Amino acid sequence: MTLPVARLMKSSVVHVAFAFLAMGSWAAFANRAHAMPAPLYAGLIQGALSAVITLLLKRGIEDLARRFSGLTALLAPPAIAGLVSAGVLTAIHTIGGTPEIGRTIAVPLTVATSYAALYNLSLWRSRKAMNHGAG
């Protein structure tokens with residue numbers, strides 16, 4: 001990969017824009033059976049929420065991972081992140097009048113929670129290796 005492409009792939013702006021477009025498009029698609037502007041609003045709401053979640057999720061997992069130890073440190077951070085994300089997505093889409101809330105949030109919530117679990121697993125393994133090596 002060339003240097004500009006590698007730099008672009010690490011850019012937070014690119015990640016946020018991708019989250020907005022991908023998950024906003026999914027939400028519009030999930031609500032396509034409803035009259036306009038419902039699919040458009042669902043897409044804009046989900047796009048904005050996914051952009052914010054993308055910005056906050058990594059740091060949130062890191063903060064949560066530091067608060068726990070042992071097996072709880074493996075399980076709690078992604079569970080908390082998933083529950084908070086589900087609550088926020090459901091609440092905002094309810095307020096926004098999204099007709100197909102379950103379908104709308106299914107993909108973004110799965111992606112965010114999967115990322116949280118995998119990233120947290122990498123943090124947990126690193127911490128476990130450091131603690132084991134120090135012992």
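Helix H3 (38-67) bends by about 35° at leucine 56. The bend at a residue is the angle between axes fitted to the seven residues ending there and the seven starting there. The structure is a predicted model, in which local features need pLDDT of at least 70, side-chain atom pairs count only at pLDDT 80 or more, and totals for chains, interfaces and linings use all residues. Residues are numbered from 1 along each chain as its sequence is written, and side-chain values use heavy atoms, with hydrogens and water left out.

The protein chain contains 5 helices and 0 strands, and its pattern along the sequence is α-α-α-α-α. Helices (H or I, at least four residues) and strands (E, at least two) are DSSP runs, numbered from the N terminus. The C-alpha trace of the protein chain spans about 60 × 40 × 15 Å along its principal axes. Of the 135 residues in the protein chain, 31% are buried. A residue is buried under 20% relative accessible area, exposed over 50%, and partly exposed in between (1.4 Å probe, protein chains only).

The length of a helix can be compared with an expected span, which is 1.5 Å times one less than its number of residues. For H3, the 30 residues should span 44 Å, and the end C-alpha atoms are 40 Å apart, which agrees. Tyrosine 41 lies in H3 and counts as partly exposed because its relative accessibility is 46%. The C-alpha atoms of tyrosine 41 and leucine 121 are 35 Å apart in space, and the two residues are 80 apart in sequence. Leucine 49, also in H3, counts as buried because its relative accessibility is 13%. From leucine 49 to histidine 93 the C-alpha distance is 9.7 Å, at a separation of 44 residues in sequence.

The loop between H2 and H3 holds proline 37. The peptide bond from methionine 36 to proline 37 is cis, with omega near 10°.

Helix H2 covers residues 12-30; its 19 residues should span 27 Å, and its end C-alpha atoms are 26 Å apart, which agrees. The buried residues in H2 are Val16, Ala19, Met23, Gly24, Ala27 and Ala30. Seen down the axis of H2, these buried residues fall within an arc of 120°, so they line one face of the helix. The arc is that of the directions from the helix axis to the C-beta atoms. An α-helix has 3.6 residues a turn, so residues three or four places apart point the same way. The face of H2 turned away from the buried side carries the exposed residues Val13, Phe18 and Leu21.

Helix H4 (70-96) has 27 residues that should span 39 Å, and its end C-alpha atoms are 40 Å apart, which agrees. H4 has a kink of about 30° at alanine 76, shortly before proline 77. Both of these residues are among the buried residues of H4, which also include Ala73, Leu74, Pro78, Ala81, Gly82, Ser85, Leu89 and His93. Glycine 97 follows H4 and has a positive phi, near 80°.

Helix H5 contains alanine 112, which is buried with a relative accessible area of 12%. Alanine 112 and alanine 79 are 33 residues apart along the chain, and their C-alpha atoms are separated by 11 Å.

Pockets were also computed. On a 1 Å grid over the protein atoms alone, a cavity is a set of points where a 1.4 Å probe fits but cannot get out, and a pocket is an open set with protein on both sides within 12 Å along at least five of seven lines; lining residues have an atom within 4 Å of a point. Grid points are joined across faces, edges and corners, and a volume is the space filled by probe spheres set on the points.

The largest pocket holds about 550 Å³ of space. It is lined by 20 residues, of which His15, Ala19, Thr54, Leu55 and Tyr115 are the closest to its centre. H2, H3 and H5 (101-134) each supply at least two residues of this lining. The lining has 13 nonpolar, 5 polar and 2 charged residues. Ala, Val, Leu, Ile, Met, Phe, Trp, Tyr, Cys and Pro count as nonpolar, Asp, Glu, Lys and Arg as charged, and the others, Gly among them, as polar.

The second largest pocket holds about 210 Å³ of space. Of its 13 lining residues, Ile53, Leu56, Leu57, Val84 and Ser85 are the closest to its centre. H3 gives the most to this lining, with 8 residues.
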